[in-house]
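Me: I am new to this structure and would like to understand the words used to describe it. Could you take me through them with care?

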Amino acid sequence: MTNKILQVNKLKKHFDMRRGQVVKAVDGVSFDVNKGETFGLVGESGCGKSTIGRTIMGLYENTAGDVTFDGKKIHELNVKEKNAFYRRMQMIFQDPYASLNPRSTVKEIIAEPMEVHGLYKSDKERLERVYELLEEVGLNRDHANRYPHEFSGGQRQRIGIARALALDPDFIIADEPISALDVSVQAQVVNLLKRLQEEKGLTFLFIAHDLSMVKQISDRIGVMYLGNLVELTSSDKLYENPLHPYTKALLSAIPIPDPDIEEKRERIILEGELPSPINPPSGCAFRTRCPLAMDVCAEKKPAWQEVSDNHYVACHLYDETVEDPDKAAPKLTISSQ
């Protein structure tokens, strides 16, 4: 796939705090999303991944950089163009309860975007479309007259997905759509999103902190740390050959569903706390927790480079090698948990 539907270029989002302090939530992130794919964005809480999603949607004003959707820069659109843009891009929020109006019925929640954008000629037509959407996400017509508090977490998230589909969008930002759900329900929601993508040709930006679940749905994955991308490649490559020490640590935390292997398995234990985005470390932001940190890591920020075919990383371990990064980068010392 080479048809880029979304291009994020050196995007920054800084928040002004008290006493002149600035939180650098997103600090110069660039990536592309191809039409029809699912691009996964992962990292610890506070790394800036949700801020990227909200900035792309226009919920936050960008500090610098730009976002281009289907050839047009989002933050330069006029009011009329933005209305058309929001019909094509929708968002599924993390908390399936807080994102639904508790005083509205399900049919009112799903029909509201249609009314705002003037879709369908009558209330009857809109209601029929609501029924169709409920069935598409695994609910039924009887649910239309109920209120959000009458549903389980998984059902509420399905309602949120139905609302996101109400305008027939091309692109959906799923901001940690499964993190508030039980494990058994998470797989159901992921399978639902995959089915809808196949049926409707949707493109997803899937934001999450669970790498094991992201692998099940994503074609490519970008790994974020403290407002920056540190690695980006295909889902298979990231799991088979992670390059950045932070990515390796995240992958080592994924449990293996075999008690014998899990008991003997070793994990990479990162020392220290996540630095503050108000006062990030000099050079490489990860150096304060990296077991392979070198002097150069404190002196300058690592360059974003393509180490192998479509496998990008920002790490000084790979500064002098392109053909065989394994020779330049020593293996991480792993400690048992």
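Reply: Angles under 35 degrees count as roughly parallel, over 145 as roughly antiparallel, 65 to 115 as roughly perpendicular and the rest as oblique. This is a predicted model, in which local features need pLDDT of at least 70 and side-chain atom pairs count only at pLDDT 80 or more, while totals for chains, interfaces and linings use all residues. Residues are numbered from 1 along each chain as its sequence is written, and side-chain values use heavy atoms, with hydrogens and water left out.

Me: What makes helix 3 and helix 5 roughly parallel to each other?

Reply: Helix 3 (residues 106-116) and helix 5 (residues 153-165) pack at an angle of about 25°, and because angles under 35 degrees count as roughly parallel, the two helices are given that name. The angle is taken between N-to-C directions, on a scale from 0 to 180 degrees, of lines fitted to C-alpha atoms over the stretch in contact. Helices here are DSSP runs of H or I with at least four residues, and strands are runs of E with at least two, numbered from the N terminus.

Me: Which residues make the contact between helix 3 and helix 5?

Reply: Val106, Ile109, Ile110 and Pro113 of helix 3 meet Ile159, Ala162 and Arg163 of helix 5, where contact means heavy atoms within 4.5 Å.

Me: Why is Cys284 called buried?

Reply: Its relative accessible area is 12%, and buried means under 20%, exposed over 50% and partly exposed in between, with a 1.4 Å probe and protein chains only; Cys284 is therefore buried.
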